[in-house]
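Reader: I am new to protein models and would like to learn what the labels mean. Could we go through one together?
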Amino acid sequence: MKFLLLLLPMVLLLPQFQAFLVSDIVTSTFSSNHNAFAQSQDENKSINTNMNTMKEDNNIISPLTEWVGVFVLGITVGILLPIRYKPVYSKSRSISITNLSIAILSISAGIIHLLLIQEHMKESFMWGIFFLITGIAQLIFGIIIIIMGGKLSPINKSILYYFGIIGNALLVGIFVLVRLITPPFSTEAAPINELEPNGIITIITEILLVVLLAYLIKSTSKSQRSQKVIQ
């Protein structure tokens, strides 16, 4: 009888205990799922933030290359205009100004190519390597023109100028060719159909380099003939 009296409260309290147990399990499960969902949302926000940051970086680099190209083209035009409209400049002075313009243009084209490495590396690893080699070559060419342009012998000058003409003409040809046929290492297996402003500016810079280098070759050959006549 005593045992039944002790068991009766336990039986009466059993439903409340079960309800409490079920409530605790449901609360724990909901809390766990809520924490997992919150953590998943945080991870997604972090990924989206990183992607947005990368997009912002790309959006910054592209206008930067355009402004660099426009700025340098403006400076070059300002430097070269006096040669045409001020004939009082001596031949050596005109050649020095042209050398300076070529150096500025080549260095700026190299900087643009180097800034675009990351963008083209995403399209193709080999394209990124190509832009790296091109940018370094144009930088070195511009530096050589500044440092040694006036110190080289006429023959070495001509070799340097021809090297610049061939290199920049080749880049212009590649720019046109990859928009007509499928370029090597292309992931889309189709010609490039986009025409960005920085690409147009770079092509204008390289064409101008070819023209100025041809002018220097012509001036150098004329000065050599004049010296032979005098002798």
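Author: Gladly! Let's begin with a definition: buried means under 20% relative accessible area, exposed over 50%, and partly exposed in between (1.4 Å probe, protein chains only). This is a predicted model, where local features need pLDDT of at least 70 and side-chain atom pairs count only at pLDDT 80 or more, while totals for chains, interfaces and linings use all residues. Residues are numbered from 1 along each chain as its sequence is written, and side-chain values use heavy atoms, with hydrogens and water left out.

Reader: Which residues of α4 are buried?
Author: They are W127, G128, F131, T134, G135, Q138, F141, G142 and I145. Across the protein chain, 28% of the 231 residues count as buried.

Reader: Why is I146 called exposed?
Author: Its relative accessibility is 51%. The cut-off for exposed is over 50%, so I146 counts as exposed. I146 lies in helix α4, residues 125–148.

Reader: What makes a run of residues a helix?
Author: A helix is a DSSP run of H or I with at least four residues, a strand is a run of E with at least two, and numbering starts from the N terminus. The protein chain has six helices and zero strands, giving the pattern α-α-α-α-α-α along the sequence.

Reader: How do you know that the span of α4 is close to the expected one?
Author: The expected span is 1.5 Å times one less than the number of residues. For the 24 residues of α4 that gives 34 Å, and α4 reaches 34 Å from its first C-alpha to its last, so the span is close to the expected one.
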